[in-house]
Structures are given as structure tokens and as C-alpha cells.
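This report describes the surroundings of a ligand and one further pocket in the structure shown below.

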Amino acid sequence: MTVQGFFSAKANMASRAYEMPRIAVIGRGFSGMMMAIALMKTVRFPFHLQLFDPNSSVSGGQALAAGNSSEILNSRVRDLSVSAGDPDDFNQWLCGNAPFRSAVPAAIPGFLQIFVPKSIFSDYVYQRFSEAFSSRRDVSVQVSGDLVFGVRRTHGGGFHVDSDGAANAPFDMVVLATGYGLADETSPAGDIETLPTTVRARRLVSRPHTILLGSGLRVVDRLLQMRDSGYTGQVSIVSRRGFLPQSHTRNNADPIFPAEEMPNQLSEIVRFIRRACEAAEGDGQNWQSIMNGLRKHARSLWRSLPARQKQQFNRHLRALYDSHRNRLPEALHLRLQQELAEGNTLLRRGHVIQRTPTGLIFRPAGRQDTEQLYADDVIDCRCQAPDLNAPLLRSLIDTGLAVPDELGLGLAVEATGALEVNGKATGALFAIGPLGLGSLPDIDLVPEIVTQAYAAAESMAERFHPRCKAV
Ligand SMILES: Cc1cc2nc3c(=O)[nH]c(=O)nc-3n(C[C@H](O)[C@H](O)[C@H](O)COP(=O)(O)OP(=O)(O)OC[C@H]3O[C@@H](n4cnc5c(N)ncnc54)[C@H](O)[C@@H]3O)c2cc1C
């Protein structure tokens, strides 16, 4: 759905827009839309909001946009509410959605435990955004299709947002919600010699063959999409560590976690969690409940680790952790297992040395020699960390408005998303969502992004309060 037309009704607000606090949100993926909802529901005085993104559709962002209506989200409905303090909100929305209700078995009384297509979640987010906006006659919203390439401080203490469009008046607050970067951006991995992300090669083998790089949710999404659209060729999943997403449980896995104090060394923490998982399985519960419980401790645990142990986690354990937290609905996991068991899809663990016009050169794990893998297509499905050399992030880092986190995965932020420079929150610049992944574990997931967006909105309301009259 395009958004430009939606806002014309509030064009008369534009003349007042310069008098009100001005907030820029850069990126209209899930984090940007969530930030807009949180601001409209939390900041109780007039303000002007400008949403920047060259991507003209509001679709839940790259990860949640559905290319295909059958693509299922990997989180249960209970974990996808965008309403602060009301985990039932998405379920209520689904219950009131007649076409959805009639499409699911009448025996299911509520939808909290089920998995739904991405397109439905996207509709829900957009509707909640529209409702929040319609209820605020005192807020003006401007949607801009501009690409932002810099943010600079003004002499008056505000911020200029530099974009490829018309110049804008300065903003009081800027929220970065640029997630994984631009949708069509090809960010070559440092360890692979550059060729375009998709390589179409001359066929050297009789059966079509596609290589998917990575091992996370994007790989599984892509593989199942290919099969759903009739692709019958061979697929190789090529990944350094080869940890594919694990399965959700059939029924809900309510969070549990041992009451004992957790150790403070990474290796002991891993043993502690492993033992807790084994004990849960032994008691007739499941390891997924422990992983759900761990998420509640993840922030304090992460904060307490010294930088060296964080680096060790990133190098050796992140892929394993991701495969256990980003889980697949049971039915999708079964399909993946079937693909692997039947040999139509092969998992190849190892290191990609170089892309070639006919596939890639690969060093299998544990071996010194290399192999040429021939393929018609090589598709990069790896979830790259945000590119700190993208012009926008570079401009902030070069002028000291932001600093990379200690792992260089994104920007240093505090829990509200406020950028942290020299250990102090800047207060007027925020990064919501995956940009903060090096500072806050799991901040790339919907529940954490929702909590962060409301916390950021509260913090902005607080900051503006002295000069603004509440409505
Ligand atoms: C395959 C997959 C499935 C997932 N499933 C789930 C799930 O089931 N449950 C869950 O909780 N999480 C899930 N996630 C994770 C989570 O949903 C994402 O982390 C989240 O959607 C991130 O949204 P975002 O808006 O921050 O980033 P993005 O979706 O990357 O959006 C960023 C936006 O910013 C724009 N942008 C970038 N740079 C600029 C610029 N310079 N100027 C202007 N605009 C710019 C881009 O065009 C883009 O529209 C999934 C992730 C993946 C990869």
C-alpha cells in the first residue's frame, strides 16, 4: 500500500509544523512504523513527524514484507502485539477480522498460540498506525520518499537531515530506523570476493542447482518459496557453521528459567543453560521454554560480560544462539527436515572463498583443500549486520554524534535506543531496532522493538515536556 495519499487530509497542519517539536524517523520498516505508533500513542502534545524512506510501500519492512502471502511469521501471535502492556492486542485484531476468522478452523477459540502469514501482520501494523494517526488531530505527519545520507547538528542544537530531496527545516529529534539498510543494497561480505549478489551462470550440470548462502530464517524462507513456486532443482545451503533454525514446540512454550544465580563466565553460562535445557526436557517440559526464559535475562547477562567474552560469543556462539531463538513453526521445520532427508537440499558447512561466474569456490569445514561448486544461481540470504560505512551512519560516526558498539555490529545505544557517546545518552538521537544489536541482545525481534519504541517515545515526551502544553 502506498502512503502518500493517506496524509493529504492533514495537509493543513503543515503551516503549524514549524512551531511544533519536529521529529524525523529515518526508515519506514517495522521499527520506523512502530516508532511512529508509539509516538502518537505516548506523546500527549502536538508534534510534527516526518518519515523518510525511498521505499514507497509500508509493508512491515524487509524482513516482514511478504513476497508471497503464504509466508508464515516465525513468532506466535502472542509475541507480536504492537500495543504497550496489552499482549492480547494482535489476537483481538485477528478475532475482529472476518476474512481471517472464516479462514481458520472454528475449533480454534483464540489465536494467541498460532503462526500467521507475514502479510496479515503487516496489515495489522498498518491499521494500528492509521488508527493512531486518525485519533491525533494535533499531530502532522509528512511522508518523504527521500534517501537520507547524513544528519548534522545545527547551531541551535537541532539537526539537519540531509537527503536527496528538498531541504527540510531542522528537527529537534532524529530516530534512525534503518535496520538492515536499503532493500536493494548489495553489501558484499568481507570474506568473499565481490560479485553481484545473484549470479546467473551457464549450466554445467544436468539438473538446475541453486546455492543459498547463510543458514538463518532468510534461507529457509527462500528455499520454501522456491519450492512453492515450482522449483525442482537441487539446492545447496552453504554456511560457515551450518546451524539451521530449530523448531518451535507444537503448544506454547511458556518461559521458565532456573532460580539459581547464573555464573559470570561465558563458558560456565553455556554449561548452565545446557543443563537447564536438559533438566527441562527430563521433567517433561522443553528446552524452548528455557530459551524463552533466557530472553528475559539476556540484557543483564550481556551487560555483565566483559568485551572479550562478548567478542567470543559473537565469533563462536551467536550462530548457535540464533538458531535456537529464531525458531520455525513446527510444520515449516518438518518441511525443511524432509528436504534435507530426501537429499533435494544439501547443507554444506564451510568457508566461501570466492564467487565465480559459474558458482563459487568453497573450503569445506575441517579441510584444507577447496572445491568449485557449480550453480545456476548463488543467492545471498545471510542477515548482514548494518553497514557502518553507509553514508548516513558514517556521517554520524565521523562527526561524533554516534559511536559503534564495542563489537562493531551497529551503534552504541541504551535501552531506550538513545545513542550513547562516551557512555552518555545523547537524548535527542535514537536508533531503534537491529542497529542496536551489539548493545542490546534480541533487539532485532518484534517484542523487543515494540518495548524499545515506547521507551524512546516516553523519553522524548519527557524531554519536550517543559516547553510543550499537553493536549
Ligand atoms: C526472514 C526473517 C524473518 C523474521 N521473522 C521474524 C518473526 O517472525 N518475529 C520476529 O519477532 N522477528 C522476525 N524477524 C526479525 C525482525 O522482524 C526484524 O528485525 C525487523 O523487522 C527489523 O525491521 P527494521 O524496520 O528495523 O528494518 P528493515 O526491515 O531493514 O527496514 C529498514 C528500512 O529503512 C530504510 N532505509 C535504510 N537506509 C535508509 C536511508 N539511508 N534513508 C532512508 N531510508 C532508509 C529501508 O529502505 C527500509 O525500508 C525476522 C527477520 C528475518 C530476516
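## Ligand site

Domain 1 (5-73 + 117-184 + 386-467) and domain 2 (199-246 + 327-380) each contribute residues to the shell around the ligand, so the ligand lies between them; the domain bounds come from an automatic or database domain assignment. The model is predicted, so local features need pLDDT of at least 70 and side-chain atom pairs count only at pLDDT 80 or more, while totals for chains, interfaces and linings use all residues. Residues are numbered from 1 along each chain as its sequence is written, and side-chain values use heavy atoms, with hydrogens and water left out.

The ligand is surrounded by 35 residues (near meaning that a heavy atom lies within 4 Å), and the closest are Ser 31, Asp 53, Asn 74, Ser 75 and Asp 444. By class, the shell holds 19 nonpolar, 11 polar and five charged residues.

## Polar atoms facing the ligand

An N or O atom in the side chain of Asp 53 is 2.7 Å from an oxygen atom of the ligand, and a polar backbone atom of Asn 74 is 2.7 Å from an oxygen atom of the ligand. A nitrogen atom of the ligand lies 2.8 Å from a backbone N or O atom of Val 148. The protein buries 95% of the 1000 Å² that the ligand exposes when taken alone (Shrake-Rupley method, 1.4 Å probe).

## Second largest pocket

Domain 1 (5-73 + 117-184 + 386-467) and domain 3 (266-325) both supply lining residues to the second largest pocket, so this pocket lies between them. A pocket here is an open set of points on a 1 Å grid over the protein atoms alone, where a 1.4 Å probe fits, with protein on both sides within 12 Å along at least five of seven lines; lining residues have an atom within 4 Å of a point. Its lining comprises 26 residues, with Ile 273, Met 291, Leu 294, Phe 313 and Tyr 321 nearest the centre.

Methods:
Polar contact = N/O pair within 3.5 Å; in protein donor to acceptor, adjacent residues only side chain to side chain. Nonpolar A, V, L, I, M, F, W, Y, C, P; charged D, E, K, R; others polar.
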